Amino acid sequence: MANSFTVPDGLSFESAISISQALLDEMEQGKLTETEIEQAIVALVATENGARGFFVSYLTDARPLADQPTDPVLHALATSPTTVSPLLVKNLVMATAMAITHRRNQNQDLAKGSDQVKVRSLNLLQHLTFPELKQQAQEMATSLETGKGSYQNFLERWQYDTEQRQAMLQALTEAKLLA
């Protein structure tokens with residue numbers, strides 16, 4: 001079965017989403033061993049496109065599969081801390097901000113989806129212990145607080161307002177990532 005999750009070189013973001021969705025299907029059906037699950041995720045998170053595709057599928061999936069991350073998932077994510085860390089920090093803060101936007105637009109369904117991504121991101125962040133997470137969170141907090149730093153372009157691109165930025169800082173604090 002693990003052969004169906006061979007991750008090709010030069011994996012596109014779209015392919016990574018498709019492979020990740022198939023992986024989640026097989027996980028739910030109990031068709032994979034813990035080792036096969038871990039190996040598939042290790043291969044996905046080894047590249048930025050693979051990691052982005054995995055997180056899109058894993059964090060937004062309607063099934064409760066991602067609500068309590070398993071050891072194989074956590075172990076696999078820990079194999080690529082420099083790729084995983086900025087993506088998880090961004091997923092946490094983006095979902096936090098989007099929940100606010102969706103509520104302002106009276107779209108409770110989309111807000112619930114953003115809340116789910118936030119909770120799942122928080123859960124992963126609280127279970128993972130590599131130092132790159134704290135570093136990325138601190139860099140994000142610095143940009144949120146000062147308007148400068150490595151995440152400033154990211155924050156400006158999405159035009160987050162004061163309320164969203166404060167909520168993002170609160171989420172980082174909640175994740176216990178800030179010193």
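Residues are numbered from 1 along each chain as its sequence is written. In this predicted model, local features need pLDDT of at least 70 and side-chain atom pairs count only at pLDDT 80 or more, whereas totals for chains, interfaces and linings use all residues, and side-chain values use heavy atoms, with hydrogens and water left out.

Gln 164, Arg 165, Met 168, Leu 169, Ala 171 and Leu 172 are the buried residues of α9, where buried means under 20% relative accessible area and exposed over 50% (1.4 Å probe, protein chains only). Because these buried residues fall within an arc of 155° seen down the axis, they line one face of the helix, while Thr 162 and Gln 166 are exposed on the other side. The cover over the buried residues includes α5, α6, α7 and α8.

Thr 96, which is placed in helix α5, counts as buried because its relative accessibility is 5%. With neighbours within four places in sequence left aside, Thr 96 is in contact (heavy atoms within 4.5 Å) with Lys 118, Ala 167, Met 168 and Ala 171.

| Side chain | Backbone atom | Distance |
|---|---|---|
| Asp 161, oxygen | Glu 163, nitrogen | within 3.2 Å |
| Thr 96, polar atom | Leu 92, oxygen | 2.7 Å |

Conventions
Helices (H or I, at least four residues) and strands (E, at least two) are DSSP runs, numbered from the N terminus. The arc is that of the directions from the helix axis to the C-beta atoms. A polar contact is a pair of N or O atoms within 3.5 Å; within protein, one must be able to donate a hydrogen and the other to accept it, and residues adjacent in sequence count only if both atoms are side-chain atoms.
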